Each structure stands twice: as structure tokens, then as C-alpha cells.
Amino acid sequence: MMLDTLITGARVRTFDETRPWAEAVGIRDGRIAYVGDSAEAPSARSRVEADGRLLTPGIIDSHNHLLLGFDEDAVSLEGAHTLAEVRRRIAGFASRRPDLGWICAENAVYSIVEGRRPCAADLDGLDAAGRPVFVTTYDQHSVWLNRPALAVLGIAQGGDIAWGRPERDAAGDATGWVTDFYTSAMTEAGLAELQRDIPMYSPERRYRKLRSSMRMATALGITTVVEPQVPLAELPLFERALAEGVLTSRVIAALFHPVGADGAFRARIRDTVDRSNAEADVAGLLRLGPVKLYADDVIEPHTALMLADYANRPGVRGRPSYPGDAGRELVGVIGELDRLGLQTHTHATGDGGIRLALDAIEQAARANGTVDRRHGIVHVECLHPDDLDRFARLGVTAAMQPRHCSPDLVAGTWMENVGEERWSRAWRFRSLLDSGATVAFSSDWQVGEMDPLVGLYSAATRAGLDGSQGWTADERVGLDRSLEAYTVHGARAWHLDGARGRIAPGMDADLVVWSSDLYRHEHDPAGLLGEHAETTIVGGRVVHSLGAVVDRVGAPVADDPVAAGGAAPDAHVHTH
């Protein structure tokens, strides 16, 4: 047997029970054909020397909003933790961009103003032209508007909008704060209004974000990305990206199911999935299948559903996303989707929302007699002890984001809202893994950094990126188990465990060569933040390289790399 490519001299973590470690991996026709010792490997047309670097299965990022990447025509508020800094950045951006009709900003934190929500008055005087200002929070669940924006949108006069719920004071006046944004913005009516009024949501700007996010994912060693919330109206953006060769990593697109959608809409989803997958691309770069739902909102603005009152809001427990008796309509929706053969990916952050989603999944399986559907619950931020073992028992995936538990993101809002007596329920990575549950790690880009190395560090430390404020140490997860959650568990979550997530003969050749042996940082996780993905391989093709192992991006041996969505034919690897 002649291999296309042989990678030698690596420290290969296979996650395959028959051979957990190896030093060489051979690729043929886009799949792994050899795993073992370098000396016993078959001949190969090209040979790559890894020089002791760690080689792992490609990272599967099970919740990554490719459509929410940074916008070059908006100002980033990442790292701005005071109102003064927010105002400085927005004012500076406004003065530099007189060409824009709207001033848009992204990634505001909830704790900018102590003791209350930010309001429209906080944004007064930032722009000499008096343009409307539109600010999204870091989690995309709330929006902050200035007075001109309230007037332009008709909210100041008591009007409503399709993409959120404006908060009002005792007199009925809009405060400038809008909740329930992301659950409403991706409905047909919400998206249409956004595209009409807010330039940041134009199809072309959304496509620009998709392209830049995909480049980032591939460069970070992510070989499969789950885009968790694609409205049917925006599916053409992904089809365009596939046609134009933008999808350098594989994408699984979860179609968004709005609250209130009926059986006809669910039939449209089923038909869309069937049509798309029947026309699947040869390279396997785009696949549909999961359906995104919401059980509740988020904890920071007190809108996630809790089983008991918020610690700092007596009498307030949030609310379910679905109406009716405690959101029980969700039970019927998940039941019907399950009957249609569709896998669900349900947002739930509060312990009440998580229990509601688990109840719905359990009842769906019982009513329909289905097994191994592998429905997922995403975030699982505050988990009641009585519900922990239900994930493994029901075969439900916990799609979780290690970075979300970092104190530099949740101190001052999440922690205070939940209250210290419930901190032990926070992001229970280790407990869920110990219970036998599938825990698929992910980034939730751009809510958190996309880099899986940040996730590995956060899971190991539960501290800020500067190493400070580590908390809930009992739920820390070491490097090997975290890598397994990003690979083996990620593949299992999406019914891909026969093709991805492990390095074994017959599996897809989706691989990452890291900058060094990451295991040397097992006892000092901070060192992970200084590492990087050196080379990313998808389907046997080198789609990212920094040059230390492979000269340039390209296909080691592919008859037509450009047709496969790849780089120019003159790209090459080291050959011997």
C-alpha cells in the first residue's frame, strides 16, 4: 500500500482504545490508513516530520456562531469594563467613521454600570452628528440603544420591535435596553426588520463575518464547526460559502426553530434537511441536521428560568422561552421534532430551563419510542443536583463552553444573580463527565474566544486568563479529558463517532499538529495559552500551516485541490 502522506516523529494521541498513543499517521484518499510506529509504516508519496509535536484528532467545536464574527465596520467593546471606556471607544469610532449611518458596537458586558442596567442616557453626546447607536452584549442576548436609535425605531413612542423586548420604566418610557434579542432576531420577522434598519445585519456584512470566522476556525485547529443558529433565510450564505471555497473546515449547520413556529414550519425544516443532504458536497464540508431551540434566556439579565428566586431579585425566577404552563409547549415541539427524526440542540442556562429541556427530551423518547437520538442541551450553566445523572441516562449531550465559567466573565453579574449558595451548580464539567455523560466542549464564539487552547486552559483552571480568581475547583478537568471532550465527545454528539474524533484506520483524516507537545503543560495550564495550532488537516488536505512542519497550505496529493475547495495547486508539503 502506498500512502499519500505519512506524518512521522509525532506524539500522537489517538483516543483509540486499541492504541492510545503512536508516533506516525498515514493518510490515503482523505482517510487515515496507518497508525503506528514510523519504522513499520508503508511508503508514502510525501512525508511530514512533526519533530516531537503533539498530533491529535481535529477539534470539533460544537457551538460556534460563525455568523457573529467581528465586524470591521463596528467597534469592539471587548475588554471595556467601565462606562468611561465604552464611551471613549464609541466616540472615537464615530469620529473616524462619518460615512456610517449607524454607529454599531459589539461585545458589551452587563456590568458596565454598577447596580443597574445601562440606559440610553449613558450614550448621550458621543457623536456630533447625532446618529443612532446600536450595541450588542457579549452574549448577543441584549441590545443597548441611544436616544436617536429609540426615536428612529419608534420605540421611544411606545412601539414594539420584532427582534427584541424593549424595557420600559414606570412611566412606560423606553430605557434603551432591549432583552430577548437573539431569540427574536433570527425569526423571519425579526431578521427582516434588522436587515431593513440595522446595517450590521445586511447579508453582505453577515457573509463577511462568516468568511473571517471560518478562516479563524481553520487556523485554530478546528476541523468541524457546528454553527448553532442558522435561520432558513440565511442558509444561502452557507451554500454560497461552499460554492466559493470558503469552507476550509467542515460545517454542521443547525437550523433555527423560532418560538411559535407551527407544524408546517417543522415540515419545512425536515424538507430542507433532506434536500440539502441529498445534494451533499463530495468533500463533506457542509451538512444540515440539528434544530436549534430555546428553553430559556440568560442568567445575566435575570431572564433565564430558575427553580428558585434569583439571589438579588426576590420574587423573580426568569421565564421559559415557550409560553403556557411553565413553558410546557416546548415538550410538544421537541416531541414532534423527535418524531420527524430530527436532533435538537436546545439552549438552557438556568436550572429551571435545563430541567424543562430534559423533561421534554425524556417525554419525546417515551412517546415516540425513539432511542439514540442524541438530543443536546447547550450551555448547562446552573445544573440542579437532581438533574445531573439524567444526561447520561437519557443519552443527552451537554454542549458546554469552558471559557464561560471564567470569573473575569461572570463575576459581578452571573455570580451575584445566582448567589453563592448555588455556585456549586455552575458549569459542572467534571461531574457530568464522571457520570458518563457526553460533554462536547465548544467556544460559543464570539461570546468567548474561539481558540480551543483557551478552552483547555479554562477547563483546567476555572480562572481568568491572567490566572486570577480561580473558583469551584472541584469541577476542573485536566488536559486529556478536555481534549477528549473536544474530539471524541464532539464526534459522538453529532453521530460522527464512526468517522471523526479518533485517530484510527478508516477515520476521516481530520488532524491537528500543535506547536509542541501540549502535555508538557499538564501541571502548568497557563503554558497552553502560549501554544498554537501549527498545521490543520481536513480530509487529508493541509488547510492551515504556519510553516514549521509544512511549507505552505495545500493538498499533499490531490488530483484537483481547487475543485475540493482548497488552495492553489502550487502549494506543497515537505517531500522526501
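This is a predicted model: local features need pLDDT of at least 70, side-chain atom pairs count only at pLDDT 80 or more; totals for chains, interfaces and linings use all residues.
A crossing is left-handed if the near helix is turned anticlockwise from the far one by less than a right angle, and right-handed if clockwise.

**Entry 1: helices H8 and H9**

I started with H8, residues 329-339, and H9, residues 351-368. Their axes lie 8 Å apart and the packing angle is about 45 degrees. That angle makes H8 oblique to H9. By the definition above, H8 passes H9 in a right-handed crossing.

Next I asked myself which residues in H8 meet H9. I found Leu330, Val331, Ile334, Gly335, Asp338 and Arg339 on the H8 side. Their counterparts in H9 are Leu356, Ala357, Ala360, Ile361, Gln363, Ala364 and Asn368.

**Entry 2: helices H14 and H15**

I then turned to H14 (residues 452-461) and H15 (residues 479-486), which pack at about 135 degrees with axes 9 Å apart. H14 is therefore oblique to H15. Pro452, Gly455, Leu456 and Ala459 of H14 make the contact with Leu479, Ser482, Leu483 and Tyr486 of H15. I logged the crossing of H14 past H15 as right-handed.

**Entry 3: helix H5 and what surrounds it**

H5 runs over residues 203-219, 17 residues in total. From its first C-alpha to its last I read 25 Å, close to the 24 Å expected at 1.5 Å a residue. Just after H5 comes glycine 221, with a positive phi of about 90 degrees.

Which residues of H5 are buried? My list reads Arg205, Arg206, Tyr207, Lys209, Leu210, Ser213, Met214, Ala217 and Thr218. I was glad to have the cover written down too: among the elements over these buried residues are S10 (103-108), S15 (222-230), H6 (235-243), S16 (250-256), S23 (533-538) and S24.

The axes of H5 and H6 come within 10 Å and cross at roughly 50 degrees, so the two helices are oblique to each other. From H5, the contact uses Pro203, Glu204, Arg206, Tyr207 and Leu210; from H6, it uses Leu237, Phe238, Arg240 and Ala241. H5 passes H6 in a right-handed crossing.

**Entry 4: the sheet with S24 at one edge**

S24 sent me to its sheet. Six strands make up this open sheet, in the order S3-S2-S7-S22-S23-S24, with mixed pairing. S3 (21-22) and S24 (541-545) are the edge strands, and each pairs on one side only.

How do S2 and S7 run, parallel or antiparallel? I found S2 (residues 11-13) and S7 (residues 54-57) running parallel, joined by two bridges. Valine 12 stands opposite leucine 55 in S7.

**Entry 5: the sheet that holds S10**

S10 belongs to an open sheet of six strands, ordered S9-S10-S11-S12-S14-S13, again with mixed pairing. S9 (75-76) and S13 (165-168) stand at the edges with a single partner strand each, so one side of each has no neighbour in the sheet.

S10 pairs with S11 (residues 133-137) in the parallel sense over four bridges, and alanine 108 stands opposite threonine 137 in S11. Helix H1 (residues 83-96) lies across S9, S10, S11 and S12 (143-145), and I noted an angle of about 145 degrees to S10.

At the other end, S13 pairs with S14 (residues 174-179) in the antiparallel sense over three bridges. Arginine 168 stands opposite alanine 174 in S14. The two strands form a hairpin with five residues between them. In that turn, glycine 172 has a positive phi of about 90 degrees.

**Entry 6: two single residues**

First, threonine 223, which I found in strand S15. Is threonine 223 buried or exposed? Its relative accessible area is 1%; the cut-off for buried is under 20%, so threonine 223 counts as buried. Leaving aside neighbours within four places in sequence, threonine 223 contacts Gly58, Ile59, Ser249, Arg250, Asp510, Leu511, Thr536, Ile537 and Val538.

Second, valine 410, which lies in H11 (residues 407-410). Valine 410 is buried as well, with a relative accessible area of 2%. Not counting residues up to four places away in sequence, valine 410 touches His404, Cys405, Met415, Trp427 and Trp471. I also looked up isoleucine 299: 111 residues separate it from valine 410 in sequence, while the C-alpha to C-alpha distance is 9.9 Å.

Key
Residues are numbered from 1 along each chain as its sequence is written. Side-chain values use heavy atoms; hydrogens and water are left out. Two strands pair if DSSP finds at least two bridges between them. The expected span of a helix is 1.5 Å times one less than its number of residues. Buried means under 20% relative accessible area, exposed over 50%, partly exposed in between (1.4 Å probe, protein chains only). Contact means heavy atoms within 4.5 Å. Axes are lines fitted to C-alpha atoms, for helices over the stretch in contact, and angles run from 0 to 180 degrees between N-to-C directions. Angles under 35 degrees count as roughly parallel, over 145 as roughly antiparallel, 65 to 115 as roughly perpendicular and the rest as oblique.
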